[in-house]
Amino acid sequence: MICAEYEALPGIGHACGHNVIAATAVGAGVAHAAVADELGLTVRVIGTPAEEGGGGKILLLERGAFDGAHLAMMTHPGPADIVEWPIIAAQQFRVRYTGKEAHAASHPQLGVNAADALTVAGVAIGLLRQHLGVSDRVHGIITHGGDAPNIVPAHTEAEYTIRSTTLADLETMRERVLRCFQAGALATGAALDVLPRTKPYAQMHHGPEICRGVPAQRGGIRSPLRVVTRTRWPRPTWATCRWSFPQSPRNRYRVPAGCQPPTRIRRPLHHPSRGSGTA
Ligand SMILES: [Zn+2]
């Protein structure tokens with residue numbers, strides 16, 4: 001199976017290069033078709049939508065799209081050649097606070113501020129980050145913060161993503177992050193609803209035999225970038241589309257302590273500059 005992602009990002013288009021994923025998948029499928037009978041293989045190219053939100057591959061897997069497959073492969077463009085992306089577990093979810101409207105100046109004492117609940121949750125999550133594992137990530141946006149500055153916000157919403165090394169780690173982290181949102185509800189009196197946006201993605205297991213063959217197969221392809229394999233990744237930091245670099249003397253991008261993005265990368269993934277000419 002060769003997976004063809006193709007989804008763009010809201011507002012910044014193909015800043016993750018999924019258009020390139022689709023093109024390379026089709027190219028690989030056409031190339032394999034020429035030799036599939038000779039090798040006794042069945043090669044399928046499958047379009048995999050909803051990879052920037054929606055958990056598309058999870059639904060495809062559950063509905064049998066990968067039944068009988070021995071191997072699934074995909075390429076993803078990026079600023080280095082990496083054979084074994086450490087892809088960790090991830091889940092998206094929405095939160096909604098419901099408070100009570102009131103005039104923000106004349107009767108603020110009668111309001112229950114759902115925007116304040118998000119603020120409390122955001123502060124709690126910010127403090128929690130100090131105590132998360134090095135591969136854990138929590139990030140989100142406020143999708144509805146209120147309706148007018150003179151109305152105490154009664155309805156607010158946010159979308160968040162959490163990531164951790166394994167599904168079990170993710171579940172532990174999810175409980176800790178949810179307590180931050182509960183803190184917002186407790187402090188303000190607003191009601192909290194947590195709505196899963198996708199089922200959780202599990203961490204990915206690479207096929208070691210296939211991965212060992214990749215550097216040899218690309219031997220004739222000129223690239224200024226090194227091939228990085230899993231053994232040089234001390235810290236798994238990826239889940240779907242999130243980027244960090246390993247500390248490694250053999251990696252041309254040196255990373256200071258921690259997981260800061262390398263400063264030499266001028267065009268990170270999910271930046272509009274990658275929207276045209278991503279390769
Ligand atoms: Zn991506």
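A residue is buried if 20 or more other C-beta atoms lie within 10 Å of its own, exposed if 12 or fewer, and partly exposed in between, with C-beta atoms placed from the backbone. This is a predicted model: local features need pLDDT of at least 70, side-chain atom pairs count only at pLDDT 80 or more, and totals for chains, interfaces and linings use all residues. Residues are numbered from 1 along each chain as its sequence is written. Of the 279 residues of the protein, 28% count as buried.

**Overall architecture**

- The protein has 6 helices and 8 strands. Helices (H or I, at least four residues) and strands (E, at least two) are DSSP runs, numbered from the N terminus.
- Read from the N terminus, the order of elements is β-α-α-β-α-β-β-α-β-β-α-β-α-β.
- Two residues are in contact if their C-beta atoms, placed from the backbone, lie within 7 Å. Among contacts between residues at least 6 apart in sequence, 70% join residues at least 24 apart.

**Helix H5**

- H5 covers residues 167-188, which makes 22 residues. The expected span is 1.5 Å times one less than the number of residues. That gives 32 Å for H5, and its end C-alpha atoms are 32 Å apart, which agrees.
- Its buried residues are Leu170, Met173, Val177, Cys180, Phe181, Gly184, Ala185 and Thr188.
- Those buried residues fall within an arc of 145° seen down the axis of H5, so they line one face of the helix. The arc is that of the directions from the helix axis to the C-beta atoms.
- Ala168 and Glu175 are exposed on the other side of H5.
- The cover over the buried residues of H5 includes strand S4 (89-98), helix H4 (114-128), strand S5 (137-144), strand S6 (155-164) and strand S7 (191-196).
- Gly189 follows H5 and has a positive phi, near 90°.

**Nonpolar cores**

- A nonpolar core is a set of buried Ala, Val, Leu, Ile, Met, Phe, Trp, Tyr and Cys residues joined through C-beta atoms within 7 Å. In soluble globular proteins, nonpolar side chains tend to be buried together.
- The largest nonpolar core has 25 residues. Tyr97, Ala117, Leu118, Ala121 and Ile162 have the most contacts inside this core.
- S4, H4, S6 and H5 each supply at least two residues of this core. H4 gives the most, with 7 residues.
- Leaving out residues up to four places away in sequence, Ala117 touches Tyr97, Thr156, Gly184, Ala185, Ala187, Thr188 and Ala190.
- A second, separate core has 6 residues, including Met1, Ile2, Cys3 and Ala4.

**The loop between S2 and H3**

- Pro49 lies in the loop between S2 and H3. Pro49 counts as partly exposed because it has 15 C-beta neighbours inside 10 Å.
- Apart from neighbours within four places in sequence, Pro49 is in contact with Glu7 and Gly56.
- Pro49 and Ala8 are 41 residues apart in sequence, yet 9.9 Å apart in space, C-alpha to C-alpha.
- Ala50 sits in the loop between strand S2 (45-47) and helix H3 (56-62). Its phi is near 55°, a positive value in a residue other than glycine.
- Ala50 is partly exposed, with 15 other C-beta atoms within 10 Å.

**The loop between H3 and S3**

- His70 is found in the loop between H3 and strand S3 (81-82). With 8 C-beta neighbours inside 10 Å, His70 counts as exposed.
- His70 and Met1 are 69 residues apart in sequence and 7.9 Å apart in space, C-alpha to C-alpha.
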